[in-house]
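Hi,

Here is the structure I promised to pass on to you.

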Amino acid sequence: MTTPAPKSMDAIMALCKRRGFIYQASEIYGGINGFWDYGPLGAQMKKNLRDAWWQDMILSPCWGRKGPGGQRVHCVPLETCIIQHPKVWEASGHIAGFNDPMVDDKETKQRFRADQLSGLFPEPSIHSSLEQIRPQCTVIASTVGEAIELLSADKSLRKAAGVRAIGQSFPDAGVIEADFGTGMARWNVALVPMSLLRDHARDVPSPYTGKKGSLTEPRQFSLMFFTYTGAVLDEDNKVYLRPETAQGIFVQFKNVVDTSRVKVPFGIGNTGRSFRNEITPRNFTFRSREFEQAELEFFCHPSESQDWYAFWRDFRMDWWKAIGLAGDNLILREHEKDELSHYSIGTSDVEYRFPFTSPGFGELEGIAHRGCFDLTQHQQHSGVKQDYFDQERGDPLPNGSRKGERYLPHVIEPAAGLDRGALALICEGYTRDESRPSPEFLKLHPRIAPIKAAVFPLVNKDGMPEVAEKLHADLSRRFGHLGFIETDPKQSIGKRYARMDEAGCPFCFTIDGDTLTGQTVTLRDRDTGQQQRIAIDQAPAMLGEKLQR
Ligand code: GAP
């Protein structure tokens, strides 16, 4: 199957700006790289996405689906601080491990990841046969193993090319081979001991100026933003902005167990802002420095963890489909062993084919089997026991109850990004159709659309505006908590429909001459442009039904 030509990201970004979905942060000062604000429609749309997540993960988890063995899926919410005790990040491994080796160009002041030096040399080309292979790129590493790690860790490279496996074929020759699915590619490996990297950096031409000698040696660069608490700005008062919402859940696990009527298996959800000082923020909101996550940590008995992992993986894929990402643009990709994070026993990514990743895919959400890594770490670092006493397990007792079992639960983590989710939904919904009054429109799912409906008088006279106002007030009272209900008496009706289409509004009610005589209105569908006539007193019930789908 051939992949259709990607949609224009420029056009999508222009629409986002024009209709108030997404603005550059601090735009009047020239913007700030990696930060984005949501305008009126974007803010409401993102709230709808967050609410849909909250509804389907916490309040009515998995649409009432039963878990493995017919178990109920039970989840509770939590709201935790952006700033936590620094030891949280020591225990989680973020302070030690959330780093990228960086190289600076002293002349241009550009900074880039050392492992991306490979990408700055000619791109690895894809060859159809082994004989044609030519070494194309250089990776700087102190061992071949490290070079393989660097290439493996370079997700964008792997994903863009759809890399299937990277293996060490000719260690002596310093060459790495990769199977791209469609052919093979090779990289030269410059084996440079860390101590000699300074010398080596001097020999490598700057990718920006082409000159040798302007690159610094690679230096570790933490992705964690930090600040200080209190008046004294010293190391003792250094604190971090969270890079993920997950750890807030782990450190409150005991409190939730002790103060609410939860029993393993159960989940704790947390949504909110996370911060990563990404070296190369890019692709609109896809890789930002401040972004919003919606994470669930689902605690279960170790013996059931694989089943719960499969359960959550399937549900999360179905969920994204249900809110509008169905089709070939959405895939579930199981990580290969060498790609797993240090804590993970298994991870699958829900990936979307964004216009800027096409024909490859970009991660929307990761579903990770984290084992008992986090609870173990926090138990060790805090000295506070994190184990769980399960009264329903262990040997049966004569009185019919059970002896109980003490264990550290295993954790399945569906970790979604709301900004990437919103962006995927906008990209998927963005449609061009030159035959329509507005050639660009947004097919947003009614649950996600920021404007739920519009009520228009066909003309701004003859009693129509008054009827429209009344219906608008009625619909706003009933559905205003879900999103905007618009009304607009001015301009031609075609122009008003076009404006709503472009903003992703799924339904328009129009009051016309027949409304006044027959108590009916037209209901127009955004995607087909078709209209049906319905009784005006049926309008609220019909809209309610359509918004639930
Ligand atoms: N607790 C696990 C965790 O944070 P992750 O894959 O690093 O896992 C989860 O992040 C999700 O957060 C990603 O799938 C993505 O949607 C979103 N995300 C991560 N970094 C992001 C960034 N720099 N900009 C926007 N979204 C990001």
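Predicted model: local features only at pLDDT ≥ 70, side-chain atom pairs only at ≥ 80, totals over all residues.

Residues are numbered from 1 along each chain as its sequence is written, and side-chain values use heavy atoms, with hydrogens and water left out.

**Rings**

There are 19 aromatic pairs in the structure. Rings of Phe, Tyr and Trp (its six-membered ring) pair if their centres lie within 6.5 Å; planes under 30 degrees apart count as stacked, over 60 as edge-to-face and the rest as tilted. One of them joins Phe 286 and Phe 354, which is edge-to-face because the planes stand at 75°, with 5.1 Å between the centres. Phe 286 sits in the loop between β13 (266–275) and β14 (290–300) and Phe 354 in the loop between β16 (346–352) and β17 (362–371), so the pair ties together parts 68 residues apart in sequence. (Strands are DSSP runs of E, at least two residues, and helices runs of H or I, at least four, numbered from the N terminus.) Both Phe 286 and Phe 354 are buried; buried means under 20% relative accessible area, exposed over 50%, and partly exposed in between, with a 1.4 Å probe and protein chains only.

Arg 420 also lies over the face of Phe 286, 3.7 Å from the ring centre. A charge counts as over a ring if NZ of Lys or CZ of Arg is within 6 Å of the ring centre and within 35 degrees of the ring normal.

**Salt bridges**

The structure has 32 salt bridges, each a side-chain nitrogen of Lys or Arg within 4 Å of a carboxyl oxygen of Asp or Glu. In one, the closest N and O atoms of Arg 65 and Asp 318 are 2.8 Å apart. That pair links distant parts of the chain, 253 residues apart, with Asp 318 in helix α11 (residues 305–325). Arg 65 is partly exposed at 31% relative accessibility, and Asp 318 is too, at 25%.

**Asp 501**

Beyond neighbours within four places in sequence, its contacts (heavy atoms within 4.5 Å) include Arg 436, Arg 524 and Arg 526. Arg 526 is buried at 3% and forms a salt bridge with Asp 527 (2.6 Å, N to O).

Best wishes
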